[in-house]
Amino acid sequence: VIIFVLAMGVVFTVACTPAPRTGTIGWEGMTTPGSLAKDIPFTASDGRQTTFHKVRGPIAVVAFTSAPADQCCWVSPQLMKLLDRFEGLPVSVAQISLPTGKCPHGPGCMEMCRLGTTRLFSFCDSDRLAWKAYGQPKPGTVFLMDQTDKVIATGSLNNMQAVSDKAYEMGKRLHEAEPDMIY
């Protein structure tokens, strides 16, 4: 009888607990140092389908930016500077643009935007798929990932020194271990 009364008390308490109605956005899947970053599937402007993990170098810097849709060719000056710093190292840099309208990426986009002359990966995320997969980071958020997609560090486009230094250190170590690899 005592067990029945205790069990009924637990059932009554659980049944009367109201469902949560407030909280903080994010729970599982937030991309933080130590977590695994989500791979980014994309359709290249020439129509080929692949993922960022398949085409990037072993070390990757991924930055989320925001620009009006009619400026989808805009490239972050901070990211272009990183490309110069990582010349010859196994470090890829990707800009994921979060346009305010429909992004016109398609055939001829690389030539029109002159992206073929850079090593920068430029993705348009008009449906916010990568943004959601990365935990909805604020525009200007930067992620550093190793070859297993583990997030090593995060930062901001406005203050990337720590992320840049860590990426350079990782890239240099990997390059010294495999000097014949071409990146």
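Ala, Val, Leu, Ile, Met, Phe, Trp, Tyr, Cys and Pro are counted here as nonpolar, Asp, Glu, Lys and Arg as charged, and the others, Gly among them, as polar. On that scheme, the lining of the second largest pocket comprises 3 nonpolar, 5 polar and 2 charged residues. The structure is a predicted model, in which local features need pLDDT of at least 70 and side-chain atom pairs count only at pLDDT 80 or more, while totals for chains, interfaces and linings use all residues. Residues are numbered from 1 along each chain as its sequence is written, and side-chain values use heavy atoms, with hydrogens and water left out.

- Helices (H or I, at least four residues) and strands (E, at least two) are DSSP runs, numbered from the N terminus.
- Because 5 of the 5 residues of E6 are buried, this strand is largely enclosed by the rest of the structure; buried means under 20% relative accessible area, exposed over 50%, and partly exposed in between (1.4 Å probe, protein chains only).
- Thr-141, Phe-143 and Met-145 are buried on one side of E6, and Val-142 and Leu-144 are buried on the other.
- E3 and E6 pair in the antiparallel sense over 4 bridges, where pairing requires that DSSP finds at least two bridges between two strands.
- Met-145 in E6 is the bridge partner of Ala-60.
- E6 is also joined to strand E7 (residues 151–156) by 5 bridges, and the two run antiparallel; here Leu-144 has Ala-153 as its bridge partner.
- The hairpin of E6 and E7 has 5 residues between the strands, and Asp-149 takes a positive phi near 70° in it.

**Nonpolar cores**

- A nonpolar core is a set of buried Ala, Val, Leu, Ile, Met, Phe, Trp, Tyr and Cys residues joined through side-chain atoms within 4.5 Å.
- The largest such core has 21 residues, and Val-61, Leu-79, Val-93 and Leu-144 have the most contacts inside it.
- At least two residues of this core come from each of strand E3 (59–67), helix H3 (77–85), strand E4 (91–99), strand E6 (141–145) and helix H6 (161–177), and H6 supplies the largest share, 4 residues.
- Another core, of 18 residues, lies apart from it and includes Ala-37, Ile-40, Ala-44 and Leu-98.

- Thr-65 lies in strand E3 and is buried, with a relative accessible area of 2%.
- Leaving out residues up to four places away in sequence, Thr-65 touches Trp-74, Gln-95, Ile-96, Ser-97, Leu-98, Pro-139, Gly-140 and Leu-157, contact being heavy atoms within 4.5 Å.
- Thr-51, in strand E2 (residues 49–51), counts as buried at 16% relative accessibility.

**Pocket and cavity**

- On a 1 Å grid over the protein atoms alone, a cavity is a set of points where a 1.4 Å probe fits but cannot get out, and a pocket is an open set with protein on both sides within 12 Å along at least five of seven lines; lining residues have an atom within 4 Å of a point.
- Grid points are joined across faces, edges and corners, and a volume is the space filled by probe spheres set on the points.
- The second largest pocket has a volume of about 200 Å³, and H3 gives the largest share of its lining, 4 residues.
- The largest cavity has a volume of about 30 Å³, and its lining includes Lys-38, Asp-39, Arg-56 and Asp-149.
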